[in-house]
Amino acid sequence: MLKREDGGDLVPISELLSYRLSRTSSALSRSAALRYRREFDVSLGEWRTIALIAADPTLTLNRLARRAGLDKAQMSRVVRGLVERGLVGRTEGSGRTRQLALTEAGVVLYRGLIAAANERDDVFAAALSPEEAGALGRALEKLADLALTMEREERERLDDA
């Protein structure tokens, strides 16, 4: 086994927390994507876009892309498809911006999708005791905060290089 500089054992990738979280997240996303495709004929990216627009009807394409963690070109393609399907509309905002909003058909679809998402969430929550759910929530908040701090530090190092 390989050793760390401090003499401790290096663990294999399968035991790294980040790898385990990533695999779990991927499995959650894949099962959601399959259900949403089967029941609602939307991709996971389309579902997330619809949900983000429903949560904030003042979003522009740029803000939506940032919230979704996608680049503007990727988000533009997703939004264009949703507009073509009559699920999302664009309205004039301030200046040259255009705000995105769900159409009536988009709202109906969102209601079905969010109900399915809540149902899935209930199944996952039921697998945990209240104590485990609380501990998991707190742990995820801590890890997310730390990950964002590490990301910021890595960006600064990259900028300094």
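Student: Which element gives the largest share of the lining of the largest pocket?

Tutor: That is α1, with seven residues. Names like this come from DSSP runs, numbered from the N terminus: helices are H or I with at least four residues, strands are E with at least two. Please keep in mind that this is a predicted model, in which local features need pLDDT of at least 70 and side-chain atom pairs count only at pLDDT 80 or more, while totals for chains, interfaces and linings use all residues. Residues are numbered from 1 along each chain as its sequence is written, and side-chain values use heavy atoms, without hydrogens and water.

Student: How should I read a pocket, and how much space lies in the largest pocket?

Tutor: Rolling a probe the size of a water molecule over the atoms shows where empty space is left. On a 1 Å grid over the protein atoms alone, a pocket is an open set of points where a 1.4 Å probe fits, with protein on both sides within 12 Å along at least five of seven lines; lining residues have an atom within 4 Å of a point. The largest pocket holds about 570 Å³, a volume filled by probe spheres set on points joined across faces, edges and corners. It has 15 lining residues, and Leu21, Thr24, Ser25, Leu28 and Leu140 lie nearest its centre. Two or more of the lining residues come from each of α1 (17-40) and α6 (130-160).

Student: And which residues line the second largest pocket?

Tutor: Among them are Leu28, Tyr36, Trp47, Arg120 and Phe124. About 270 Å³ of space lies there. Here α5 gives the most, five residues. By type, the lining has eight nonpolar, one polar and three charged residues. (Ala, Val, Leu, Ile, Met, Phe, Trp, Tyr, Cys and Pro count as nonpolar, Asp, Glu, Lys and Arg as charged, the others, Gly among them, as polar.)

Student: How many aromatic pairs does a search of the whole structure find?

Tutor: It finds two. Rings of Phe, Tyr and Trp (its six-membered ring) pair if their centres lie within 6.5 Å; planes under 30 degrees apart are stacked, over 60 edge-to-face, the rest tilted. Trp47 and Tyr110 count as stacked because their ring centres are 6.5 Å apart and their planes lie at 20 degrees. They join distant parts of the chain, with Trp47 in α2 and Tyr110 in α5, 63 residues apart. Together with Tyr36 they form one aromatic cluster.

Student: Is Trp47 buried or exposed?

Tutor: Buried means under 20% relative accessible area, exposed over 50%, partly exposed in between (1.4 Å probe, protein chains only). Trp47, at 10%, is buried, whereas Tyr110, at 21%, is partly exposed.

Student: Which residues are buried in α5?

Tutor: They are Gly106, Leu109, Leu113, Ala116, Ala117 and Arg120. Their cover includes α1, α2 and β2 (98-102).

Student: What does Ile53 touch?

Tutor: Contact means heavy atoms within 4.5 Å. Leaving out residues up to four places away in sequence, Ile53 touches Leu59, Leu64, Val88, Leu100, Ala101 and Leu102. Ile53 sits in α2 and is buried, at 1% relative accessibility.

Student: Where is Asp41 placed?

Tutor: Asp41 is in the loop between α1 and α2. Its phi is near 55 degrees, a positive value in a residue other than glycine. At 44% relative accessible area, Asp41 is partly exposed.
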